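Have the model open beside you as you read.

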Amino acid sequence: MVPYMNLIVVFSFAGFIYLIVALQVSHSFPPLYEKYQGPIEDEIKPVLPFIFSLMAIMLMATVFSPIFFCFGVVSVWCGLRIRKSVQVRTTGPLPWLLNPLTIGAFNRWPMLAFDVWTLGMIVLMGTLGFIIS
C-alpha cells in the first residue's frame, strides 16, 4: 500500500464515523437536543444526494484508491451540514444538561455538547482501532 494511503483511510473512516454520530445526535440519541418534530426526510433532504454519492465514491475507490479521500471529505461535509441543521432548529441543549457549571459554556457555545459527543466518539473509535490493530 502507498504510504499516504494509511492517512487517507484513517481520515475517511473518521469522517464517516462523524457522519454517523451526527445523524444519531440529530435524531436525539443521546438526548442532547430536542427531537425534530417534522418528518425525518425534511431534515436530511439537503444532504441526501451527497450521502448517496458516498456509495459511488466507494465504488470508484476500488479502481483508483486515492479517491477514497473524497469519501472522508464528503462524509465530514455532510456531518457539518447536519450539525448546522441542528443548530438552526434548536436554541441549545436540553435542560437536563444545564447546571451552574455548564450553563455559561452552553450559553456561549450552544453546540458544545454536539461537538464534544461527536468528536469524542471519533477519538474513542480511533483509540479502540489502534489498540485492536
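Contact here means heavy atoms within 4.5 Å. Keep in mind that this is a predicted model. Among contacts between residues at least 6 apart in sequence, 72% join residues at least 24 apart.

A few overall values for the protein:

| Property | Value |
|---|---|
| Box filled by the C-alpha atoms, along the principal axes | roughly 50 × 35 × 20 Å |
| Accessible surface | about 8500 Å² |
| Distance between the centres of the positive and negative side chains | 7 Å |

Carbon and sulfur atoms own 76% of that accessible surface. On the charge side, there are 7 positive and 5 negative side chains. Buried residues account for 31% of the 133 residues.

Now for α1. This helix covers residues 5–26, which gives it 22 residues. From first C-alpha to last it reaches 31 Å, close to the 32 Å expected at 1.5 Å a residue.

Which residues of α1 are buried? They are M5, I8, S12, G15, Y18, L19, V21, A22, V25 and S26. An α-helix has 3.6 residues a turn, so residues three or four places apart point the same way. And what do the buried residues of α1 pack against? Their partners are α2 (40–44), α3 (48–61), α4 (68–89) and α6 (112–132).

Key
Residues numbered from 1 in each chain as written. Predicted model: local features only at pLDDT ≥ 70, side-chain atom pairs only at ≥ 80, totals over all residues. Heavy atoms only, no water. Buried < 20%, exposed > 50% of the residue type's maximum accessible area, 1.4 Å probe, protein only. Areas by Shrake-Rupley, 256 points an atom, 1.4 Å probe, with all protein chains shown as cover. Lys, Arg positive; Asp, Glu negative; His and termini not counted. Charge placed at Lys NZ, Arg CZ, Asp CG, Glu CD. Helix = DSSP H or I, 4+ residues; strand = E, 2+ residues; numbered from the N terminus. Expected span 1.5 Å × (residues − 1).
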